[in-house]
Amino acid sequence: MKYEDWVQLTDAERASLQKQWNAYGEGYWHELVGEAATRFRAEFGHTPHVVNIHSGVHHGGELIIGVNTNLSYPHKASLPETYAGFRVLQFCAA
């Protein structure tokens with residue numbers, strides 16, 4: 001599946017497909033989350049406190065867009081909680 005097709009799906013359709021993925025195995029989903037992270041970086045990379053944006057696998061095998069900030073917990077940068085069907089998680093870069 002191509003990114004352009006992915007973003008045309010409804011939230012429910014994306015969630016249904018994500019349940020079938022093995023985030024630790026090979027598959028097209030790694031390209032999807034990578035492309036989402038690239039586009040997220042282009043759109044939000046200059047947001048105050050953002051240090052780095054990447055894609056990755058979070059606990060339990062969830063593909064995410066990870067954002068490193070220079071803020072300490074519980075403070076967060078002003079960013080959306082999801083993007084293109086992937087959860088956006090913020091982490092302290094220090």
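The model is predicted, so local features need pLDDT of at least 70, side-chain atom pairs count only at pLDDT 80 or more, and totals for chains, interfaces and linings use all residues. Residues are numbered from 1 along each chain as its sequence is written, and side-chain values use heavy atoms, with hydrogens and water left out.

**Exercise 1.** Work out which residues of helix H3 are buried and where they sit around the helix axis.

*Solution*

1. H3 covers residues 29–44.
2. Pick out the buried residues (under 20% relative accessible area, 1.4 Å probe, protein chains only). In H3 they are Trp29, Leu32, Val33, Ala36, Ala37, Phe40 and Phe44.
3. Look down the axis of H3: the buried residues fall within an arc of 130° (taken from the directions from the axis to the C-beta atoms), so they line one face.
4. Turn to the other side, where Glu31 and Ala42 are exposed (over 50%).

**Exercise 2.** Describe the surroundings of Thr47.

*Solution*

1. Check its accessibility: at a relative accessible area of 15%, Thr47 is buried.
2. List its contacts (heavy atoms within 4.5 Å). Leaving aside neighbours within four places in sequence, Thr47 touches Ser78 and Leu79.
3. Compare sequence and space: Thr47 and Ser78 are 31 residues apart along the chain, and their C-alpha atoms are separated by 7.5 Å.

Definitions and conventions: Helix = DSSP H or I, 4+ residues; strand = E, 2+ residues; numbered from the N terminus. Expected span 1.5 Å × (residues − 1).
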